[in-house]
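Hello,

Here is the structure I promised to pass on. Please open it first, then read my notes below.

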Amino acid sequence: MEQPNKKKYIEPKYTMFAQANQAKNTLMDLPSSTPATKKDSMDYKHGFNVGLKGGTLDNFESNEFSRKGRWEGQNSEHSFKNKDAAIIAKKIGK
């Protein structure tokens with residue numbers, strides 16, 4: 001029996017997530033210990049995916065989390081400017 005193909009997804013490492021949360025808390029005059037929400041992590045991941053594809057964020061969808069996620073996506077080892085990353089991208093369907 002052959003096994004079904006499992007899609008591989010490139011996940012962000014969330015290296016800039018704490019910095020984005022701190023910036024949001026400072027901007028909104030919240031205590032620094034205020035945790036991030038699920039929407040914040042979804043924004044970060046969306047920005048990461050945009051950065052992987054080399055795109056830009058529109059003004060309406062840009063917040064601190066999506067900007068930091070985009071930065072991580074552009075500067076990750078999975079950057080599509082790299083020839084090896086382009087081969088990986090074809091394999092995983094990105």
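The cut-offs behind that are under 20% for buried and over 50% for exposed. One thing to keep in mind throughout: this is a predicted model.

Where does leucine 30 lie? Its place is the loop between helix 1 and helix 2. Leucine 30 also belongs to a nonpolar patch on the surface, together with Leu27 and Met28. The three have about 330 Å² of accessible area together. Aspartate 29 follows helix 1, and its phi is positive, near 55°.

**The whole chain**

Now a step back. The chain has 94 residues, and 30% of them count as buried. There are 4 helices and 0 strands. Along the sequence the pattern reads α-α-α-α. The accessible surface comes to about 7,100 Å². Carbon and sulfur atoms hold 54% of that surface. Take the contacts with a separation of 6 or more: 53% of them join residues 24 or more positions apart.

Helix 1 covers residues 17–27. Which of its residues are buried? They are Phe17, Ala20, Asn21, Lys24 and Asn25. These residues span an arc of only 135° around the axis, so they sit on the same side of helix 1.

What covers the buried residues of helix 1? The cover includes helix 2 (38–53) and helix 3 (64–74).

**Aromatic rings**

The count comes to 4 aromatic pairs. In one of them, the rings of phenylalanine 17 and tyrosine 44 have their centres 5.6 Å apart. Their planes stand at 80°, so this pair is edge-to-face; the cut-off for that is over 60 degrees. Phenylalanine 17 is in helix 1 and tyrosine 44 in helix 2, so the pair ties together parts that are 27 residues apart in sequence. Both residues, phenylalanine 17 and tyrosine 44, are buried.

Phenylalanine 17 also pairs with phenylalanine 65. This pair is tilted, with 5.1 Å from centre to centre and 50° between the planes. Phenylalanine 65 lies in helix 3 and phenylalanine 17 in helix 1, so here the parts tied together are 48 residues apart in sequence. Phenylalanine 65 is buried, as is phenylalanine 17. Which residues form the aromatic cluster? Tyr14, Phe17, Tyr44 and Phe65 form one cluster.

**Glycine 51**

One last stop. Glycine 51 is in helix 2. Its relative accessibility is 5%, so glycine 51 counts as buried. Which residues does glycine 51 contact, leaving aside its neighbours within four places in sequence? They are Arg70, Gly73 and Gln74. Serine 76 is 25 residues away from glycine 51 in sequence. In space, the two are 9.1 Å apart, C-alpha to C-alpha.

Best wishes

Terms used. Residues numbered from 1 in each chain as written. Predicted model: local features only at pLDDT ≥ 70, side-chain atom pairs only at ≥ 80, totals over all residues. Heavy atoms only, no water. Buried < 20%, exposed > 50% of the residue type's maximum accessible area, 1.4 Å probe, protein only. Helix = DSSP H or I, 4+ residues; strand = E, 2+ residues; numbered from the N terminus. Arc of directions from axis to C-beta. Contact = heavy atoms within 4.5 Å. Patch = residues over 30% accessible without salt bridge, like charges linked within 9 Å, V, L, I, M, F, W, Y side chains within 5 Å. Areas by Shrake-Rupley, 256 points an atom, 1.4 Å probe, with all protein chains shown as cover. Salt bridge = Lys/Arg side-chain N within 4 Å of Asp/Glu carboxyl O. Phe/Tyr/Trp six-rings, centres within 6.5 Å; stacked < 30°, edge-to-face > 60°.
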